Amino acid sequence: MAAGKEIRGKIKSVENTKKITKAMEMVAASKMRKAQERMLAARPYSDKIRAIAAHLSQANPEYVHPFMVSHDAKKVGMIVVSTDKGLCGGMNTNVLRAVTNKLKDLQSAGVSAEAVAIGGKGLSFLTRVGAKVVANATALGDTPHLESLIGPVKVLLDAYAEGKLQAVYLCYTKFINTMKQESVVEQLLPLSTEAMQGSAPAHGWDYIYEPDAQSVIDELLVRYVESVIYSAVADNMASEQSARMVAMKAATDNAGNVINELKLVYNKTRQAAITTELSEIVAGAAAV
């Protein structure tokens with residue numbers, strides 16, 4: 001019964017695959033909880049530093065930080081945040097599709113782009129499409145570290161401060177909930193008035209600066225931009241684990257369906273073989 005043996009081999013193979021996807025689902029669920037906690041822990045700091053930056057921008061209007069000045073350069077920077085590993089559904093595909101659409105819009109407007117890739121999938125995609133990658137950060141692990149992000153991103157921040165870039169965009173996957181993640185392409189620089197004044201109060205603020213207003217504002221706005229980038233990477237990692245958990249659960253369920261179908265085919269094949277053998281035996285006995 002060669003056909004039956006082949007089907008048994010397929011069933012065994014799919015069962016082994018099902019065990020792997022189930023294990024990956026459980027690992028992703030465990031990592032997802034930690035990633036969500038890390039993401040939520042980063043948000044209060046980001047919100048507070050945004051509020052302080054808004055207050056300072058209102059309190060000292062005579063000084064304008066370079067991050068808040070618009071430039072007419074025909075070049076933009078893009079920070080593309082993706083994952084290092086696959087098996088997370090269409091998450092990377094969605095954010096990279098949004099990046100592609102943005103690059104097409106910039107190209108049609110006669111604006112060139114250079115990118116910083118955070119994550120292996122984004123780096124390989126940008127290299128494949130011929131985009132100019134000026135820096136990258138890969139193999140970040142399960143925990144984002146700000147010191148590993150500052151170096152690559154600083155290339156674009158310094159270029160913008162020098163007036164070489166028209167804008168800097170941040171592209172990542174925003175975590176909404178376990179079942180929903182949203183691809184986002186948002187303007188990081190110049191710091192928009194809405195983003196900076198969203199937390200600003202209606203009344204004015206006055207500060208005593210030490211050592212001076214310019215030094216404090218320079219340092220604070222750099223920290224603010226870094227916190228936005230860190231929050232985006234934390235969001236992306238939480239989205240990655242959620243998407244992987246959902247994808248592996250779907251794969252496990254599909255493997256179970258395939259096993260049931262193969263078992264049904266195997267039973268039909270075995271029954272057909274038994275029926276054939278019985279028919280042959282009966283026919284032989286009748287001939288005798």
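Strands β4 (residues 168-177) and β5 (residues 180-189) pair in the antiparallel sense, over 9 bridges. Strands here are DSSP runs of E, at least two residues long, and helices are runs of H or I, at least four, numbered from the N terminus. Two strands count as paired if DSSP finds at least two bridges between them.

This is a predicted model, where local features need pLDDT of at least 70 and side-chain atom pairs count only at pLDDT 80 or more, while totals for chains, interfaces and linings use all residues. Residues are numbered from 1 along each chain as its sequence is written, and side-chain values use heavy atoms, with hydrogens and water left out.

Back to β4. A hairpin of 2 residues links β4 to β5, and tyrosine 169 stands opposite glutamine 187 in β5. Strand β1 (residues 75-81) runs parallel to β4, joined by 4 bridges; there, valine 80 has cysteine 171 as its bridge partner.

Is β4 mostly covered or uncovered? Covered: 7 of its 10 residues are buried, meaning under 20% relative accessible area with a 1.4 Å probe, protein chains only.

Now the cores. A nonpolar core is a set of buried Ala, Val, Leu, Ile, Met, Phe, Trp, Tyr and Cys residues joined through side-chain atoms within 4.5 Å. The largest has 37 residues, and Val168, Leu170 and Val225 are among those touching the most other members. Helix α6 (213-287) gives the most to this core, 11 residues. Apart from this core lies another of 15 residues, including Met78 and Phe125.

Technical notes. Buried means under 20% relative accessible area, exposed over 50%, partly exposed in between (1.4 Å probe, protein chains only).
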